[in-house]
Amino acid sequence: MRKTKRRLEGFSFYDRTGLEKHLTKMAEQGWLLEKIGQFLWTYRKIEPKHLTFCTCCFPKASAFDSGPSEEQETFYDFCQHSGWVLAASSAQLQVFYNERPDPVPIETDPVLEVEAIHRSVKKSMLPSLLLQLVVTTINVVMYVSQLLDDPVRVLASTSSLFVGFCWLEVVLLTLTEIIGYLRWHHKAVLAAERGEFLETKSHRKLTTGCLILLGVGLVYFLADILSSGNRMNITITMIMFCVYTPGLFLLANGVKNFLKRRKASARFNMVVTIGVIIVAAYAFAGVIVFGTLFGSARGWFTGDEGTYQYHGQTFELHQDELPLTVEDLLDVHYEDYTRERRVEESIFLAQLEMEQRPRFDAADYKVMPRLEYTITMVKVPFLYDLCLDTFLHQWDDDWYWDSSYVPVDAAPWSALEAYQEHDEEYGLQNQYLLCYSDRIVEIQFYYDWGEVTPEQMAVTGQRLGRTKL
């Protein structure tokens with residue numbers, strides 16, 4: 001039989017009512033709170049019994065204190081004299097229990113009780129929540145800007161959708177905590193003046209629901225990355241989840257606990273710990289970026305298809321199967337091609353980027369024709385017009401490219417609509433946008449391809465517009 005249990009609790013800092021009821025219920029089930037961790041709360045096995053719990057706020061306490069202050073010890077002695085035993089504490093939060101049937105309350109003055117909670121919240125919770133709200137809001141604004149700028153790329157990427165979902169969840173939870181507390185505090189002050197303590201309301205259901213959705217999203221995200229076959233993305237993801245994030249957490253706790261054992265002041269401990277984390281976060285990120293670039297240049301992330309060397313760098317020799325190749329359109333037979341297929345897919349869209357290009361070390365590099373195209377599969381019909389509009393206006397805000405898509409005859413492509421790039425200086429270009437019922441194809445014919453013939457258009461439409469990919 002296990003002696004301890006760890007649970008992820010979603011109580012608000014000020015939710016005295018909900019926490020006390022929960023701890024009483026846990027004790028009746030035979031579990032007594034023993035430690036309040038940063039994420040997990042630890043309970044120890046006891047004989048099931050009814051215990052009365054009381055949560056108090058000690059505003060002068062801090063998570064960086066090396067131990068209880070003399071004033072705090074005096075408070076503990078006072079509580080113990082009344083039968084209240086300290087179960088656990090975390091910064092300003094102090095949790096006591098009492099085995100007596102009808103114990104004398106620790107706090108008897110609602111005004112002082114509400115004031116103690118408010119002073120504690122102002123010291124720790126509100127500043128951290130407001131900072132969190134500012135940071136997450138900035139990230140949400142950047143994400144929305146990216147979504148507006150290139151919605152197809154964002155909606156087709158599971159990782160981008162997961163990141164955006166996380167930021168929105170954090171903003172929702174942060175606003176809920178801040179607004180919930182401020183509303184409760186306003187009403188609690190008025191109730192305290194009448195000699196009453198206003199019960200707190202918990203947001204546990206919302207928090208639990210968000211955590212469940214986050215867990216489902218995380219599983220989907222990891223499954224998508226691990227099944228992608230992209231060794232670089234898999235490596236970076238595993239480093240971030242298994243090394244970077246837990247490493248920063250362990251480092252923060254290690255530095256904080258070391259300074260607490262050395263009896264450093266709370267302020268010194270806080271400044272040093274935060275400073276170390278900021279430096280370590282940037283240093284670790286720099287190591288990851290440098291390691292990725294270093295490894296890429298040496299072929300560490302290449303697959304099983306082989307590599308080749310050119311000017312001291314290692315390049316992966318892709319030989320993926322493509323639905324349309326240069327050989328399908330031209331009577332040429334060059335050997336030194338690399339054929340690459342990249343896929344981004346989400347529940348909304350799938351983007352398949354295909355490229356057939358000559359190897360850098362090919363003898364005929366300068367004359368070998370090159371073909372590149374992107375197929376956007378629209379899984380949700382109402383997004384089709386959004387995707388088409390994005391492609392048609394992709395150069396509107398581009399100061400470098402003075403181009404636009406102009407309508408052309410769609411019949412040779414067997415398409416519903418067709419567009420061709422028009423450059424203000426050089427005229428019509430060999431880049432086309434083709435619309436089919438469930439997909440949009442953007443294709444570019446490189447080098448001295450010349451004019452695309454009706455026969456080549458027909459083959460392109462047959463291979464890319466109808467084939468199941």
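Reader: Which residues touch the most other members of the largest nonpolar core?

Author: This is a predicted model, in which local features need pLDDT of at least 70 and side-chain atom pairs count only at pLDDT 80 or more, while totals for chains, interfaces and linings use all residues. Residues are numbered from 1 along each chain as its sequence is written, and side-chain values use heavy atoms, without hydrogens and water. A nonpolar core joins buried Ala, Val, Leu, Ile, Met, Phe, Trp, Tyr and Cys residues through side-chain atoms within 4.5 Å, buried being under 20% relative accessible area with a 1.4 Å probe and protein chains only. Among the 29 members here, those touching the most others are Leu-371, Tyr-373, Trp-413, Leu-434, Ile-443 and Phe-445.

Reader: Which element gives the largest share of this core?

Author: Two or more residues come from each of α9 (326–329), β10 (349–358), β11 (371–378), β14 (427–435), β15 (439–445) and α11 (454–465), where helices (H or I, at least four residues) and strands (E, at least two) are DSSP runs numbered from the N terminus. The largest share, four residues, is that of β11.

Reader: How many residues does the other core hold?

Author: This core lies apart from the one above, and its members include Leu-32, Ile-46, Leu-51 and Ala-88. Its residues number 19.

Reader: What volume does the largest cavity have?

Author: The search of the whole structure finds one cavity of 30 Å³ or more, a cavity being a set of points on a 1 Å grid over the protein atoms alone where a 1.4 Å probe fits but cannot get out. Volume is the space filled by probe spheres set on the points, which are joined across faces, edges and corners. For the largest cavity it is about 110 Å³.

Reader: Which lining residues are closest to the centre of the largest cavity?

Author: Lining residues, those with an atom within 4 Å of a point, number 13 here. Two or more come from each of α1 (16–28), β4 (52–57) and α3 (110–149). The closest to the centre are Arg-16, Thr-55, Cys-56, Cys-57 and Ile-117.

Note on methods: 1 Å grid on protein atoms, 1.4 Å probe; cavity = no way out; pocket = protein on both sides within 12 Å on 5 of 7 lines; lining within 4 Å. Buried < 20%, exposed > 50% of the residue type's maximum accessible area, 1.4 Å probe, protein only.
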